[in-house]
Amino acid sequence: MSDVSPWAILIAAIFTSNLLLTNFLGMCSFLACSRQVGTSLGLGTAVIFVMVCTTAINWCIYTYALIPLKIDHLWFIIAIAVIAAFVQFVEMFVERFSPKLYHALGIFLPLITVNCAILGASLLMITRNYGFVQSVAFGFGGGLGWLLAIVLIAGLRQKMTYSDVPQPFKGVAIVMIITGIMAMIFMGFAGMVKI
Amino acid sequence: MSDNSGCKHGGFCGGKGKETMKAGVWGINPVAIQVLGICSALAVTTTMMNSLVMSLALTFVCVGSNLFVSLLRDVTPRRIRMIAEVAIIATFVIIFDLLLKAFYFEMSEQLGPYVGLIITNCIVMGRAEAFALQNPPVVSIVDGLANGIGYTIVLCAVGFFRELFGAGQLFGITIFETTSKGGWYPQNVVMILAPGAFITLGFLIALYNYLSGANDPDKEATS
């Protein structure tokens, strides 16, 4: 097990190794939902919640079920199944008990199953040999970092509606370029923590 | 994801082999036009070799899952089709991952979790959902192959620029002698790092738009 403190992992996941800007995870939903600050905030919150819970559940399943049974080559399929089942469960639960929250969060939940940031967080924590607390810290920090990145880009995209972008660059191309510049800004955080 | 691709792009869907091929490679190129599967297109393209292996993995998974989704399309209940598709895709990803680990371990280390992430790659899911679910097996294989090739072209293009300008090499062979080894080319490290990936892909999509004359106003609504 790696012996990095959970606190360092949390800060690193938010800033220096942001899932979206350095690991390119969750790009599809990022491109689809970053046009409005409000929408991106809703999606980001849902991502934090699901990411914390699925990293915790997946870590337990991997350590206490897959390793003792020696079926860790089935890890991918188990991980995605857990995520899909969890999202489905949360959706039903929220719909039943808090219709208001369902309306705020509900439309984002199906999108989250196919958000590679969620699966990526689960796969990365195993590759990096994190313990339970470290994994949860990584899940929370990763989700928060993802939210930060998507909200910042959404703000820029809203402003950009008024800019005169050259024709071939309109749409995705310019978004990729501003994301690149944002990634460069986040590189400035490097050196803040070492993991 | 399903409404993102496929039938709205004219007569390609009902078409046979050749049209399907052309649509996947150029007409509705999965990365450049539909903006699917971006994660891996950015993450693994630091070198040409990584790009090629990743493309091979995606093509393999896409062909395999398209074939099986198509074979099972009449017996899969509509309500559980998503989970069935994910299970099929994950199986093929595991097969490829094990093969890679067995025969090419260094590469498997370099690609890290991105092989596993093919499961959530929207190209595979999108093709299974939009094409294989409605079409017979043979055409579905062609569609999987076409989308794999379309993906390969974009990935290799990104990998080409990043490796060439970032490290002065192609496939690990030195093209530009870098200054650190006494040559003339000052290495541009940012191309290897994350920002280079975003910016390279941004410019490539713009180039594609320019060449194909795409990017009419109603296309922006979906981007």
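Predicted model: local features only at pLDDT ≥ 70, side-chain atom pairs only at ≥ 80, totals over all residues.
Residues are numbered from 1 along each chain as its sequence is written, chains are lettered from A and ligands numbered from 1 in the order in which they are written, and side-chain values use heavy atoms, with hydrogens and water left out.

Chain B holds 9 helices and 2 strands, where helices (H or I, at least four residues) and strands (E, at least two) are DSSP runs numbered from the N terminus. Along the sequence these elements follow the pattern α-α-α-α-α-α-α-β-β-α-α. Of the 223 residues in chain B, 55% are buried, a term that stands for under 20% relative accessible area, with exposed meaning over 50% and partly exposed in between (1.4 Å probe, protein chains only). Among contacts (heavy atoms within 4.5 Å) in chain B between residues at least 6 apart in sequence, 74% join residues at least 24 apart.

Helix H4 of chain B, residues 81-103, has 23 residues and reaches 33 Å from its first C-alpha to its last, close to the 33 Å expected at 1.5 Å a residue, the expected span being 1.5 Å times one less than the number of residues. The buried residues of H4(B) include Val86(B), Ile89(B), Phe92(B) and Phe96(B), and also Arg81(B), Glu85(B) and Asp97(B). The buried residues of this helix pack against H4 of chain A, and in chain B against helix H3 (48-71), helix H5 (105-111) and helix H6 (122-132).

A search of the whole structure finds 3 cavities of 30 Å³ or more; on a 1 Å grid over the protein atoms alone, a cavity is a set of points where a 1.4 Å probe fits but cannot get out, and lining residues have an atom within 4 Å of a point. The largest cavity has about 80 Å³ of space, a volume being the space filled by probe spheres set on the points, which are joined across faces, edges and corners. Among the residues that line the largest cavity are Cys28(A), Cys116(A), Cys39(B), Tyr114(B) and Cys122(B).

Cys60(A) is partly exposed, at 30% relative accessible area, whereas Cys62(B) is buried at 0%.

Most residues other than glycine have a negative phi. Phe24(A), however, has a positive phi near 60°; this residue lies in the loop between helix H1 (6-14) and helix H2 (27-33) of chain A and is buried, at 4% relative accessible area. Lys70(A), also not a glycine, has a positive phi of about 55° and sits in the loop between helix H3 (37-69) and helix H4 (75-97) of chain A, where Lys70(A) is exposed at 65%.

Ala121(A), finally, belongs to helix H7 (residues 116-127) of chain A and is buried, with a relative accessible area of 0%. Leaving aside neighbours within four places in sequence, Ala121(A) is in contact with Leu19(A), Met51(A), Thr55(A) and Phe138(A). Of these, Met51(A) is 70 residues from Ala121(A) in sequence but 7.4 Å away in space, C-alpha to C-alpha.

Definitions and conventions: 1 Å grid on protein atoms, 1.4 Å probe; cavity = no way out; pocket = protein on both sides within 12 Å on 5 of 7 lines; lining within 4 Å.
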